[in-house]
Amino acid sequence: MILIKGGRVMDPATNLDEEKDIVIDDKGKITGIYEPEEVQRNHYETVIDAAGEIVAPGFVDVHVHFRDPGLTHKEDIVTGSAAAAAGGYTTVICMANTKPPVDDVDIYKELQAREDKLPIHVLQTANVTKGMKGEELTSMEELHLAGVKGFTDDGVPIENAGLMREALKKCKELDVPISLHEEDGKLMYSQGVNKGTVSEQLGLPGAPDEAEYTLVARDLMLNKKIGAKLNIQHISSAVTVDLIRKAKKDGIRVYGEVTPQHLSATEDLVLEQGALARVNPPLRTEKDRQALLQGLKDGVIDMIATDHAPHSKEEKERGIAKAPSGMIGLETAFGLLMTYGVKEYGIPLMTVLRALTVNPAELYKLDAGKIYVGGPGDLVIFDPNREWVVSDAFVSKSTNSPFIGRKLCGKVTKTICNGKIVFTK
Ligand SMILES: [Zn+2]
């Protein structure tokens, strides 16, 4: 039995924001939420003193790359899940662009069986198309029955509109999210750096924002009559935020993800950090960043997802034109969100927590992201005011973060999953 004592408990599912004591039993379930001083501390073998800190539902990240199977020199499910726990996450959903990709039931079952043994909840998506080639749908029904939580070809946009319509229909029928990386290859000059002043300065052709928003517009319109759980991944452009705002107003079903890095940085970071700041879709302009912050603040953007994308040092040292795109994000997410979202932009902490917990959990129909008696003992404890400097001593197997050396405010101090302490600082 664990008693978490003296913390300010914040639960966006019920808007609870009060000092409470929480008890988790040996089966890993929350058995009581009490008024301060209602319970005696000497009845519990483990007492966590959370005075001065905030206790919230464990974070849920619906977009991570653990590179397992096939690319485990970058990350594997063990190191990836440990990095997640260090970032306050108790549930993550892995993308399916592994080697081989997760496009059939046998690959899925082998992977999920290993993921089920990890200390946090690691869940899995499968591909929309076979081999992520954009030509033929996977056996979505069979994969869904086997347990996959959603479908995505993340990393590769699906350019065939007819196939996309079929995929949306299938996902609607199965009532399962379809998550899309929206960058039309035909409109891209190069990847990973925004087409604009910075790409010009570096002599790179660049990734223009219209490559994102034209594909988003197409898929919103395709979903108009279908009503699938359409999830637009890692939104990067102000125009996309406007499109989603309008679509929601018009009753089109859509959900949006934003990453901590797109909320915290612009294309200027590429000048300072080179290939470490190369990411798909790219970091864009200050105007785009402000629109993303506002979209998160007013609820147009539903979820914060890290797009944790580990790459080795050797790969990132190939230079800005040749290095693979992506950055790690699980261990810096909360600090970036507190620093740039809550403290600098003024987004209420409860709104940020909602996008980290109950919103993603509800979209994926997970018993996660809320605090209730009988519910899972999955919690995060953090100090919203603790200052720290990002070092390269990551729990992740990779260190490809452009935020090393950055001073952040807000630090996860403990993560509890199934009633067990899985991270402590
Ligand atoms: Zn992506």
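# Close-up views

**View 1. The second largest pocket.** About 240 Å³ of space lies in the second largest pocket. It is lined by 13 residues, and Glu-331, Trp-388, Ala-393, Lys-411 and Lys-425 sit closest to its centre. Sorted by class, this lining has eight nonpolar, two polar and three charged residues. (Ala, Val, Leu, Ile, Met, Phe, Trp, Tyr, Cys and Pro count as nonpolar; Asp, Glu, Lys and Arg as charged; the others, Gly among them, as polar.) A pocket here is an open set of points on a 1 Å grid over the protein atoms alone, with protein on both sides within 12 Å along at least five of seven lines; a cavity is a set of points where a 1.4 Å probe fits but cannot get out; lining residues have an atom within 4 Å of a point. Points are joined across faces, edges and corners, and a volume is the space filled by probe spheres set on them.

Two notes apply to every view. This is a predicted model, in which local features need pLDDT of at least 70 and side-chain atom pairs count only at pLDDT 80 or more, while totals for chains, interfaces and linings use all residues. Residues are numbered from 1 along each chain as its sequence is written, and side-chain values use heavy atoms, with hydrogens and water left out.

**View 2. The largest pocket.** This one holds about 400 Å³ of space. Its lining counts 20 residues, and those nearest the centre are Arg-67, Asn-97, Gly-155, His-311 and Ser-325. By class, the lining splits into five nonpolar, 10 polar and five charged residues.

**View 3. The zinc ion.** Asp-154 (OD), His-181 (ND1) and His-234 (NE2) are the protein donors, lying 1.9 to 2.2 Å from the zinc ion. Donors are N, O and S atoms within 2.8 Å of the metal (3.2 Å for Na, K and Ca), and water is not among the atoms, so sites may look incomplete. Along the sequence, the donor residues follow the spacing D-x26-H-x52-H. His-181 is in the loop between β10 (178–180) and α5 (197–202), and His-234 in the loop between β11 (230–232) and α7 (238–249), so this pair ties together parts that are 53 residues apart in sequence. (Helices, H or I and at least four residues, and strands, E and at least two, are DSSP runs numbered from the N terminus.) His-181 is buried, with a relative accessible area of 5%, and His-234 is buried too, at 1%. Buried means under 20% relative accessible area, exposed over 50% and partly exposed in between, with a 1.4 Å probe and protein chains only.

View 4. Domain 1 (2–55 + 375–386 + 409–424) and domain 2 (57–363) both contribute to the lining, so the cavity lies between them. The bounds come from an automatic or database domain assignment. Taken over C-alpha atoms, the centres of domain 1 and domain 2 are 30 Å apart. The contact between them involves 24 residues from domain 1 and 23 residues from domain 2; contact means heavy atoms within 4.5 Å.

View 5. Thr-332 sits in the loop between α11 (313–316) and α12 and is buried, at 3% relative accessibility. Not counting residues up to four places away in sequence, Thr-332 touches Trp-388, Val-390, Phe-394, Ser-401 and Leu-408. Arg-406 belongs to the loop between β14 (379–389) and β15. Leaving aside neighbours within four places in sequence, Arg-406 is in contact with Leu-269, Tyr-340, Trp-388, Val-389 and Val-390.

**View 6. Helix α1 under cover.** Helix α1 (residues 77–86) is mostly covered, with eight of its 10 residues buried. These are Ile-77, Thr-79, Gly-80, Ser-81, Ala-83, Ala-84, Ala-85 and Ala-86. The cover over the buried residues of α1 includes β7 (89–94), α2 (105–115), β8 (121–126), β15 and β16 (420–424).
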